[in-house]
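Please examine the sequence and the model below before reading the report.

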Amino acid sequence: MRSSLAPILANLFMKKLDKKLQCILLKIALLLGVEICYNVTFEDVIEATATSGWRGSFLPSTHWINTYEFNALIGADGRRNSLQGFHRKEFRGKLAIGVTANFVHHHTREEQLFEEISGVARLYNPQFFQELKQQTSIDLENIAYYKNDTHYFVMTAKKQSLLEKDVIKNDYPDAVRLLARENVDFKALCNFACEAAQFATKSTASTFEFAENHYGLPDVQMFDFTSLFHSVNASRIVERKGKRLFMALVGDSLLEPFWPLGTGIGHGFLATLDTAWILHKFAKNEPPLNILAERESIYMLLSQSTPENTKSNYQLYTIDPASRYQHLNSKRCTIEEIRHLYDDNNNDDRYSIVDNNNNLVTNHIQQPHDVKHSKNDDISNEKLLNWCQMITEPYGLQTEKDFQSFYNGLAFCAIIHHFRPELLYFLNGAMTRDDIEKHWSMKESEQSAIVKKKVDDNNSVKVSQLIAHY
């Protein structure tokens, strides 16, 4: 089955044809015996007892699933995320307004000639966007077009253009108020999307007829994607009465994508495969702390995963992360760093003894005496550079034998993102000068606080010395 479906899924993976992809995955799930419950709402987890296993509280309360016992629970409900124990960080950037539109595909001769646009940004094709503005007064940052059962357009529009085209009635500094339903002229929004589609396909306006959404209205919408949420952790394990529950997040619940990049479906697949791999180890009853350390190590690669730094032969993809990631270090997170993700209802102050491969050997109760950490304040430039190269390698950054390659700020941002991914959204080479300057503007004390504890605990290098080189 894997060899025959892989080319199809790879093609859909690249083109993001969600409807076909969802149908294929649904059929596979049904063939494998997955039971799907409709009109059921998850509320909370019910802890295991001496006589029963882990269960969930669902609505309606009379549904049979309320009696179902399980030992793994995966959250895939998007931004709202119903699972407890997963802290999230919000990333806010400059105002970004997205517009999507679906048009009926009549399969006419003219429509067959429409060329898809896999995604074009102003930076890479300024002439296209200049001509669009001159002919239609529509000003966009980027646009993509996919042709399948419908003609699907997705674009990022500039606020001033939306105001000039009377799509937005009044200008407000608050994004929620700006895009509120009462402040948007829906008819003008339809005209805006239709004009953009007409220009992109070099077609006539009469060609485009809006498909209907589930409300029976034209399938066009405008929304703010300025704010993104990322989960701090990808998994946790809870143990009660000797019974363990593995919990994890996938999809937008785990890592909400930066919408114009079109990475959501790709990251969603990778996270699901990563979780399946860890579930496989959990089912084999491997030590929970080892399981969590590996999962969180893999999660650190997800946000910067691109077609350039993941393996290109999709047919060889399996649930094993080594089949997909080029720079995989499954032991990057230490046991002590993820200990808090294992809740066994024991509040003892514990520490771990691990072997050279970061595998848990044993736990010990921490004695009340102070633990002294050795410090090495005299780190050579060579060791400092080696450490920087080790941290920045998964980000695809080529560092030279001196610190010249660090001066554009990208490496510094990558190091911040490695230790504190919630502080910035790292876009590899796509980061703008504004993005870099924003993070360079932090005070030295703030820069040191970002990673100093982690670095000192690992007896590596002092971040203050790294900052001095900048």
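The report below covers the chain as a whole, one of its sheets, and a set of aromatic and charge–ring contacts.

## Basis of the report

The model is predicted: local features require pLDDT of at least 70 and side-chain atom pairs count only at pLDDT 80 or more, whereas totals for chains, interfaces and linings use all residues. Residues are numbered from 1 along each chain as its sequence is written, and side-chain values use heavy atoms, with hydrogens and water left out.

## The chain as a whole

The protein chain has 15 helices and 15 strands. These elements are DSSP runs numbered from the N terminus, with helices (H or I) of at least four residues and strands (E) of at least two. Of the 470 residues, 43% count as buried; buried means under 20% relative accessible area, exposed means over 50%, and partly exposed lies in between (1.4 Å probe, protein chains only).

The accessible surface of the chain comes to about 26,200 Å², and 50% of this belongs to carbon and sulfur atoms. Accessible areas come from the Shrake-Rupley method with a 1.4 Å probe; for residues, only the protein chains shown count as cover. Among contacts (heavy atoms within 4.5 Å) between residues at least 6 apart in sequence, 63% join residues at least 24 apart.

## A five-stranded antiparallel sheet

Five strands form an open sheet in the order E6-E7-E8-E5-E9, with antiparallel pairing. Two strands pair if DSSP finds at least two bridges between them. The edges are strand E6 (117–121) and strand E9 (220–224), each of which pairs on one side only. Neighbouring strands of the sheet are turned by 10° against each other on average, direction ignored. Axes are lines fitted to C-alpha atoms, for helices over the stretch in contact, and angles run from 0 to 180 degrees between N-to-C directions.

Strand E5 (residues 97–104) pairs with strand E8 (residues 150–157) over eight bridges in the antiparallel sense. Within this pairing, Ile-97 has Ala-157 as its bridge partner, and Val-104 has Thr-150. E8 also pairs with E7 in the antiparallel sense, over seven bridges, and Leu-140 stands opposite Ala-157. E7 and E8 form a hairpin with two residues between them. Six of the eight residues of E8 are buried. Helix H4 (residues 126–136) lies across E6 and strand E7 (140–147), running at about 95° to E7.

## Aromatic pairs and a cluster

Rings of Phe, Tyr and Trp (its six-membered ring) pair if their centres lie within 6.5 Å; planes under 30 degrees apart count as stacked, over 60 as edge-to-face and the rest as tilted. By this rule there are 13 aromatic pairs. Phe-114 and Phe-208 form a stacked pair, at 6.0 Å centre to centre and with 20° between the planes. Phe-114 lies in the loop between helix H3 (109–112) and E6, and Phe-208 in the loop between helix H7 (186–201) and E9, so the pair ties together parts 94 residues apart in sequence. Both residues of this pair, Phe-114 and Phe-208, are buried.

The rings of Tyr-314 and Tyr-317 have centres 5.4 Å apart and planes at 85°, so this pair is edge-to-face. Tyr-314 counts as partly exposed because its relative accessibility is 25%, while Tyr-317 is buried at a relative accessible area of 16%. One aromatic cluster is formed by Phe-103, Phe-114, Tyr-145, Phe-153, Phe-208 and Phe-210.

## Charges over rings

A charge sits over a ring if NZ of Lys or CZ of Arg is within 6 Å of the ring centre and within 35 degrees of the ring normal. Arg-88 lies over the face of Phe-229, at 4.8 Å from the ring centre. The charged end of Arg-177 sits over the ring of Tyr-172, 3.9 Å from its centre.
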